[in-house]
Amino acid sequence: MASSEPPVCQIFSFQDSKTSPDPIFELPAQCLTQTGVPIVVDNGSFQTRAGWASTGAGFESPRLLFRSMAARSRGAARSETQIGNDIPNLEPLRWLLKSQFDRNVVVNLEIQELIFDYVFTHLGITSEGSVEHPVVLTEAPCNPLHCRQMMSELLFECYRVPYVSYGVDGLYSFYHNHSQRRLQPPHTGIILSSGYHSSHILPVVNGRLDAVNCKRVNVAGSQAASYLQRLLQLKYPGHLAAITLSRMEELLHEHSYTAVDYHEELEKWRSPEFYEREVHRIQLPFSGKVPGGCVSVEERQERRAQQLRRLQEINARRREEKLQQDQERLDRLMAVQELLEDGLLDQFHKSLVHLNMDSAEELQSYINKLQLAVEQGRQKLLHSDGAEGRTEVSELEQPMDEGDGVMLMDSDFPEDTLPEKPTNVVQPVFNMAEYHQLFVGTERLRCPEILFQPSLTGEDQMGLMETLQYVLARYTPEQQEALVSNVFLTGGNMQYPGMKERVERELLAMRPFQSQFKVTMATRPALDSWFGARDWALEHPAGGSEGWISRQEYEEKGGEYLSEHCASNAFLPMKIVKPVLARPAEPPVTSQTSAGASPAVATVTSTPSSSVAADVTMVTS
């Protein structure tokens, strides 16, 4: 029978990677055209990606990738703000970090302006007062009108860009992957997009986003990282400072996975063999120097001898001080007794009252005891080097002050009071390395699971697949078949291993018997939105195709105006009645006729004006 080998422990360590500042690139020569090469900015809530929409060497990927964060102290100048990769380590500045996003919507335009300054400067744009390049920018699905209006105002008024195009990151990724697979448009399918702050379900019908049936789930990567941090801090209260949010994001990206069957996977973790094989031990940094550890017997004996010698020196010094104090007290009492012998009774009685004594007999008794204590102290000092035995404590000895360890440090107590332990006894060794390890077990699958079960974190909302079922129920059976035949997964929070298999299993349980469906994962879930926006900008030049908003259109139609294209939100003009407040009724006015005319009184009463219905064109997405 073969012996089973013990499972091999998987020990990892945090990378704690620190970013380096981005270089300031020079403006490429091929970007100096008359119309300007478009700048593509994937304005993500976790990471911003920016580059040129051009072909050729050096343009295959975004030139700038940095966290969408800014750090500026209160009262600091604008030039002292740190952006993105200028912050090497986020944790010391965590309380100073600010983002332009609230959930997945841009609301802080001051931070967004700093992000744009950073992007344009590092891309090499040095034109004074304006950016002479069209800008392709991503926005949230069903972006509020006010947010788009403020963004357009920032780009057109502050940077004076010639053209702007807005699109949805999930749709850009959707069309980029379909063009890579050479599928002919128009496309129909449903997109499951999960980012840092929220997740979306985006149905696409005949190549256009069905904005009416889009749904958002307020659970994504940031909630998973916070949940993992809370679980590990409760599990390891001694390492609270080491369990930072940046490290939890690293654990999610490198060590987490999605369970195909959550409850069945949890049952597997009950097995000790499965646990030892699958648990990830994360080694925290620590100092290997342990006080008193790994010390030989001879070193311990030498240290003990040094401690005893030090105690003996302290005791000898304190005995000298005690003897000197007793001698001074004895001299004072002897001086009082001499007053009695000299016949100075008044001074003698005053001295007795000062010493809190009643009679000369009490004074004599105290003098005798002090003389005995002084004699014993002198003898102990003479024989302190080799004397053994206990020293009698004088009855007149004052109480020991708090913290005075003379009695506890008496050098006369025998040295064999603390016997040495036999050397052949095996002492337990404290493993400092194991104490500074985080055992990440079921947390590896519990945190990604909140995407399907938000109730694990206390969120009272539907999970991603339950929301998908609700969206599908709003279509006819034929439309449902077309949508589920092209289920597309994209976004940085969809990169967990097993995510595609989990979605397929949920669809199998959701759809009718023997129905067909197909799930596809984006080639690069976190980057395909930028590549899709670049491909769209290359296929649709600025000024000559749909999807671009010119400065003239911005001035005529307002900042909330959107030019639709295949990867944009929907532009829905709505007619609403805007009532005009009626003026208050004026009091009657009486006018006299001219002189010589009959005294007829003409009464003129102004009538309130009726409400005026105005047709106002509004833009919603």
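**The annotated region and the whole chain**

Modeller: I would begin with the record, where an unreviewed UniProt entry lists residues 297–336 as "coiled-coil region"; UniProt positions are given in the numbering used here, feature names are shortened, and annotations may be inferred rather than shown by experiment.

Biologist: What does the chain look like over residues 297–336?

Modeller: Over that stretch the chain is 100% helix and 0% strand, and the C-alpha atoms at its ends are 59 Å apart. Helices (H or I, at least four residues) and strands (E, at least two) are DSSP runs, and they are numbered from the N terminus.

Biologist: What should I know about the model itself before going on?

Modeller: This is a predicted model, in which local features need pLDDT of at least 70 and side-chain atom pairs count only at pLDDT 80 or more, while totals for chains, interfaces and linings use all residues. Residues are numbered from 1 along each chain as its sequence is written, and side-chain values use heavy atoms, with hydrogens and water left out.

Biologist: How many helices and strands does the protein chain have?

Modeller: Its secondary structure comes to 17 helices and 24 strands. The chain has 621 residues, and buried ones make up 42% of them, where buried means under 20% relative accessible area, exposed means over 50%, and partly exposed lies in between (1.4 Å probe, protein chains only).

Biologist: And what about contacts along the chain?

Modeller: Of the contacts in the protein chain with a separation of 6 or more, 71% are between residues 24 or more positions apart; a contact means heavy atoms within 4.5 Å.

**Strands and pairing**

Biologist: Let's turn to β3; which strands pair with it?

Modeller: Strand β2 (residues 39–43) pairs with β3 in the antiparallel sense over 5 bridges, and strand β4 (residues 64–67) also pairs with β3 in the antiparallel sense, over 4 bridges. Two strands pair if DSSP finds at least two bridges between them. In general, the strands of a sheet pair through backbone hydrogen bonds, either parallel or antiparallel.

Biologist: How many residues lie between β2 and β3?

Modeller: There are 3 residues between them, and the two strands form a hairpin. Within this pairing, V41 has A50 of β3 as its bridge partner.

Biologist: Is β3 mostly covered or uncovered?

Modeller: Strand β3, which spans residues 47–52, is mostly covered, with 5 of its 6 residues buried. T48 is found in this strand and counts as buried because its relative accessible area is 0%.

Biologist: What does T48 stand opposite, and what does its side chain do?

Modeller: T48 stands opposite F66 in β4, and the side chain of T48 is joined to that of S68 by a polar contact of 2.7 Å. A polar contact is a pair of N or O atoms within 3.5 Å; within protein, one must be able to donate a hydrogen and the other to accept it, and residues adjacent in sequence count only if both atoms are side-chain atoms.

Biologist: Now the open sheet of 3 strands: what is its order?

Modeller: The order is β6-β5-β7, with antiparallel pairing. β6 (82–83) and β7 (97–98) stand at the edges with a single partner strand each, so one side of each is left without a neighbour in the sheet. In β6, the bridge partner of A71 is Q82.

Biologist: Where is H197, and is it buried or exposed?

Modeller: H197 lies in the loop between β12 (189–194) and β13 (199–205), and it counts as buried because its relative accessibility is 18%. A polar atom of the H197 side chain lies 2.6 Å from the backbone oxygen of R103.

Biologist: And E443?

Modeller: E443 is found in helix α12 (residues 443–449), and at 6% relative accessibility E443 counts as buried. Its side chain makes a polar contact of 3.5 Å with the side chain of K235, and a polar atom of the E443 side chain lies 2.9 Å from the backbone nitrogen of G441.

Biologist: Last one, then: which residues does F488 touch?

Modeller: Not counting residues up to four places away in sequence, F488 touches several residues, including S173, F174, I190 and M521. F488 is in strand β18 (residues 487–490) and counts as buried, at 0% relative accessibility. F488 and I201 are 287 residues apart in sequence, and their C-alpha atoms are 10.0 Å apart in space.
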